Amino acid sequence: MTKFKKILIANRGEIALRIERACRELGIGTIAVYSEVDRPALHVLEGDEAFLLGPAPATESYLRGDLILDIARRAGADAIHPGYGFLSENADFAEACEGVGIKFIGPSASSMRALGSKTRARQAADAAGMPRTPGSTQALASLAEAYSVADEIRYPVMLKAAAGGGGKGMRAVSRREDLRAAFEAAQSEALRAFGSDEVYLEKLIERPRHIEIQVLADEHGSCVYLGERECSVQRRHQKVIEEAPSPVVGPDLRRRMGGAAVRLVQSQGYTNAGTVEFLVDDEENFYFLEVNTRLQVEHPVTELVTGLDLVHLQIRIAQGEPLPISQQDIELRGHAIECRLYAEDPDNGFFPSPGKITRLLQPGGPGIREDCGIYEGWVVPMDYDPMLSKLIAYAPTREMAIARMLRAIDEYLIGGIRTNLGFFRRILSDEGFRSGRIDTGYLDRLLAERSTEESIATETNDETVAVIAAALFEALRVAPASAVQSPASAWKSAGRREGLRG
Amino acid sequence: MKLEIEIQGQLRTIEVDPAADPGRYSVSLDGNAIEVEARLLRPGVLSLVVAGRAYRAVREDDAPAGNGSEVVVLVAGGRYPYRVEDSRSLKSRRAHASGHDGPKTIKASMPGRVVRVLAERGVEVEAHQGVVVIEAMKMQNELKSPKAGTVIEMRVAPGDTVSAGDVLAVIE
């Protein structure tokens, strides 16, 4: 067992900061890395040490495994935490770390390879006796093979990239005559996005829920599951809201899904944190989807309902410690919801909205956690993912967690850039969401409906206040000192009045 | 102080005067009197009490709102872009706006980087034909011509960084 003294965090933004905080809590030094545009980013300001990688594009900075390893060696890092995205699922990088004796905080390169490719993971699922969607377990060799697999499992079907993620290289096909075009489009998109045109075919599950199981495995053969996360609220295959537990998963289904997830990862000698994703139909059948061999964006909802700190546990596992908990110790308590706050404009096709954050008032109070890497005055760069912050609400019940999240959204004010904050208000107020009737198509259906929120937002009363506020801002610009008095001077004048009375 | 504020497509006339008590204002909005108590908490952040109800308002930036340029105020989850008008510039702008079918501009709808110019200067384009592609945060946005015509000005080239609202090209 080794005790880490210093960890390099090969990431940026909120997740880099979240990992730095965990390291600090464990008495471990942190090394931040950054691109040229990220010098003022919070993860750089909060790191114990900071090293420049290169220009803004990720391919010249955060994806440069060679530079990162070199910095790790020179700075004397014992381990590298990759966060999510960037190099987190890059088996070659994990192997390079192993090669120079720096611990990669995650699974070994070999189990990452076995479970990271979707086709290989489907083969592993078969071997572990785990239900999966019907379809191919190997890359389709030709269009002819695609036709024969699709005919066998019947339409509608789904084409997916073996190396895929984030909805890229994915096509739903409901009629035989559309298969050729979809196959070619999926192949070329997969090649462009992942450098591999491997695609496979699976049966399309109608109105599925996306539910995933968090697992933790140590290097001594122990593995536990930490319940599920419900991630069905998605736009373009990107998660928007996640919660734990799922409103439709009971103890029995949880036990069956958790057991299957543990069997699968153990069959591949998997270690550290991982997530097994499933589709669940309305008859509680679950189908294996894929494994994410890293920490997930949405890990905080699991932390809140289990009372565990996943990053602490990742580090302890990587240090060679045995899991400090067994399956019987894990109890889910309360309900947690996470909203992913993006710099994007819901009124303009969700286009990205990078730029300077001119005003920032963040929520707080009971049951609210915010994992973010933003501050007032910071310029959100245009070069990376638009996620700004994760707002997480925790309460004893789902109903109260929703109410708490709505309250926090009301407290949140962000100026200078557009965000999807108002969009969350609409989802969280929607009867479908509130009653838990959600599947992966839910959000698209909600977006297709005419928004009633718009008419609420333009209500006369708030508009009147907006006009008054605008006028006051302008009046105070002209004569700030005389027009308004600070609370301090108001006290002073009140005191003076009191004095005169006496 | 009397102001004309254009907000939500409407022109509102508002008069704001400090009352005797500090922090209190007499406001007259389109002729209706309203009592307002207000505190500037820090630049750009205002606490308001209007008819007993408390609000927080944020003005998005420090730039002046004069000469018809737009600023944004955030109140109660709503976003309200506004302009402060002096009556003369308003008249001239209205006259201009109601005018002829002249050259039209293509403006950046978001900050980003120009990745492609699809129609160079001198090229004839159809209405809704793509002219410039800009990219931000891994998302590309094709900006289309507002009308059929010729690209008479191309102000950007691939690699240029643009801000929201920047004029990229002019079509006549």
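**Stop 1: a strand with cover, chain A**

Select strand S19 (residues 368–372) of chain A together with S21(A): the two pair in the antiparallel sense over five bridges. Keep in mind throughout that this is a predicted model. Within this pair, zoom to A:Cys372, whose bridge partner in S21(A) is A:Ser389.

Eight bridges join S14(A) to S21(A), and the two run antiparallel. Pick A:Glu338 here; A:Ile392 in S21(A) stands opposite.

How many of the nine residues of strand S21 (residues 387–395) of chain A are buried? Eight are, so S21(A) is largely enclosed by the rest of the structure.

**Stop 2: a helix and what covers it, chain A**

Select helix H6 (residues 118–127) of chain A. Its buried residues are A:Lys118, A:Thr119, A:Ala121, A:Arg122, A:Ala124 and A:Ala125. Which elements cover the buried residues of H6(A)? Show helix H5 (109–116) and helix H9 (251–267) of chain A, which are among them.

Step just past the end of H6(A). A:Gly129 takes a positive phi of about 65° there.

**Stop 3: two helices that cross, chain A**

Two packed helices are described by the angle between their axes and the distance between the axes. Select helix H1 (residues 13–25) and helix H11 (residues 310–318) of chain A. They pack at an angle of about 65°, and their axes are 9 Å apart. H1(A) passes H11(A) in a right-handed crossing.

Show the side chains at the contact. H1(A) brings A:Arg18, A:Ile19, A:Ala22, A:Cys23 and A:Glu25. They meet A:Val311, A:His312 and A:Ile315 in H11(A). By type, the residues of this contact are five nonpolar, one polar and two charged.

**Stop 4: backbone exceptions**

Most residues other than glycine have a negative phi, and most peptide bonds are trans. The next selections depart from that.

- Select A:Tyr155 and A:Pro156. A cis peptide bond joins them, with omega about 0°. A:Pro156 lies in the loop between helix H7 (143–153) and S6 of chain A.
- Select A:Ala244 and A:Pro245. They are also joined by a cis peptide bond, with omega about -5°. A:Pro245 is in the loop between strand S11 (238–244) and H9 of chain A.
- Select A:Phe350. Its phi is positive, near 60°, and the residue is not a glycine. The loop that holds A:Phe350 runs between strand S15 (344–345) and strand S16 (351–352) of chain A. A:Phe350 counts as buried, because its relative accessibility is 7% and the cut-off is under 20%.
- Select B:Ala76. Phi is about 45°, positive although the residue is not a glycine. Look for B:Ala76 in the loop between strand S7 (71–75) and strand S8 (78–85) of chain B. Is B:Ala76 buried, partly exposed or exposed? At 45% relative accessibility, B:Ala76 is partly exposed.

**Stop 5: chain B as a whole**

Chain B has one helix and 16 strands. Of its 172 residues, 40% count as buried. Chain B exposes about 9100 Å², of which carbon and sulfur atoms supply 47%. Turn to its contacts between residues at least 6 apart in sequence: 39% of them join residues at least 24 apart.

**Stop 6: an open sheet, chain B**

Strands of a sheet pair through backbone hydrogen bonds, either parallel or antiparallel. Select the four strands of chain B in the order S13-S12-S10-S15: they form an open sheet with antiparallel pairing. Strand S13 (139–144) and strand S15 (161–162) of chain B are the edge strands, each pairing on one side only.

Focus on strand S12 (residues 130–136) of chain B. S12(B) and S13(B) pair in the antiparallel sense over six bridges. B:Ala136 has B:Met139 in S13(B) as its bridge partner.

**Stop 7: one buried leucine, chain B**

Finish at B:Leu168, in strand S16 (residues 167–171) of chain B. B:Leu168 is buried, with a relative accessible area of 0%. Leaving aside residues up to four places away in sequence, B:Leu168 touches several residues, including B:Ile106, B:Ala108, B:Ile134, B:Leu143, B:Met154 and B:Val162. B:Val132 is also one of the residues touched. Draw a distance from B:Leu168 to B:Val132, 36 residues apart along the chain: their C-alpha atoms are separated by 7.8 Å.

Note on methods: Residues numbered from 1 in each chain as written. Chains lettered and ligands numbered in written order. Predicted model: local features only at pLDDT ≥ 70, side-chain atom pairs only at ≥ 80, totals over all residues. Heavy atoms only, no water. Buried < 20%, exposed > 50% of the residue type's maximum accessible area, 1.4 Å probe, protein only. Contact = heavy atoms within 4.5 Å. Areas by Shrake-Rupley, 256 points an atom, 1.4 Å probe, with all protein chains shown as cover. Pairing = 2+ DSSP bridges. Axes fitted to C-alpha atoms, helices over the stretch in contact; angles between N-to-C directions. Left-handed = near helix turned anticlockwise from the far one by under 90°. Nonpolar A, V, L, I, M, F, W, Y, C, P; charged D, E, K, R; others polar.
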